[in-house]
Amino acid sequence: MLKTQPNFGAGSPAPLRAYTPGDDFYDLLIDTHRGLDDDTSRLVNARLVLLLANHIGDMAVLREAMAAARHGVTPETPAP
């Protein structure tokens, strides 16, 4: 079952701002792409998707995640 609600562990303490663990993830993701051109950034995203998919390893969850990610982004294409 795909988890779509926030599911991050405890974040690092931030003395000046009240970060949530999701904010920590977002900051890490942005830092991962910092300084990369568009093509290299897309390559990093593709590698990250494959690494995380391998870590999840459950085809049912991956199928559900892919459908959720695509939902509302592109028009549905009828099957041939």
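**Figure 1. The whole chain and its surface.** The accessible surface of the protein chain comes to about 7200 Å², and 62% of this belongs to carbon and sulfur atoms. Accessible areas come from the Shrake-Rupley method with a 1.4 Å probe, and for residues only the protein chains shown count as cover. This is a predicted model: local features need pLDDT of at least 70, side-chain atom pairs count only at pLDDT 80 or more, and totals for chains, interfaces and linings use all residues. Residues are numbered from 1 along each chain as its sequence is written, and side-chain values use heavy atoms, with hydrogens and water left out. The chain has three helices and zero strands. Along the sequence, the pattern reads α-α-α. Helices (H or I, at least four residues) and strands (E, at least two) are DSSP runs, numbered from the N terminus. Of the 80 residues, 5% count as buried. Buried means under 20% relative accessible area, exposed over 50%, and partly exposed in between (1.4 Å probe, protein chains only).

**Figure 2. The largest pocket.** The largest pocket has a volume of about 860 Å³. Of the 23 residues that line this pocket, the closest to its centre are Leu2, Phe25, Leu52, Ile56 and Ala65. Helix 1 (21-33), helix 2 (38-56) and helix 3 (59-70) each give two or more residues to the lining. Which helix gives the largest share? Helix 2 does, with seven residues. The lining divides into 19 nonpolar residues, three polar and one charged. Here Ala, Val, Leu, Ile, Met, Phe, Trp, Tyr, Cys and Pro count as nonpolar, Asp, Glu, Lys and Arg as charged, and the others, Gly among them, as polar. A pocket is an open set of points on a 1 Å grid over the protein atoms alone, where a 1.4 Å probe fits, with protein on both sides within 12 Å along at least five of seven lines; lining residues have an atom within 4 Å of a point. Grid points are joined across faces, edges and corners, and a volume is the space filled by probe spheres set on the points.

**Figure 3. A nonpolar patch on the surface.** Phe8, Phe25, Tyr26 and Ile30 form this patch. Together they have about 400 Å² of accessible area. Ile30 lies in helix 1. Ile30 counts as partly exposed because its relative accessibility is 35%. Patches of this kind join nonpolar side chains (Val, Leu, Ile, Met, Phe, Trp, Tyr) within 5 Å, from residues with over 30% relative accessible area and no salt bridge.

**Figure 4. Two salt bridges.** The structure holds two salt bridges. In a salt bridge, a side-chain nitrogen of Lys or Arg is within 4 Å of a carboxyl oxygen of Asp or Glu. Arg34 meets Asp31 in one of them, at 2.5 Å from N to O. Arg34 is exposed, with a relative accessible area of 57%. Asp31 is partly exposed, at 44% relative accessibility. Arg42 pairs with Asp39, and their closest N and O atoms are also 2.5 Å apart. Arg42 and Asp39 are three residues apart in helix 2, so about one helical turn separates them. Both Arg42 and Asp39 are exposed.

**Figure 5. Two pairs of C-alpha atoms.** Thr4 sits in the segment before helix 1. Thr4 is exposed, at 59% relative accessibility. Thr4 and Ala65 are 61 residues apart in sequence, and their C-alpha atoms are 8.9 Å apart in space. Asn45 belongs to helix 2. Asn45 counts as partly exposed, at 35% relative accessibility. The C-alpha atoms of Asn45 and His33 are separated by 8.8 Å, with the two residues twelve apart along the chain.

Technical notes. Patches are made of residues with over 30% relative accessible area and no salt bridge: like charges are joined within 9 Å, nonpolar side chains (Val, Leu, Ile, Met, Phe, Trp, Tyr) within 5 Å.
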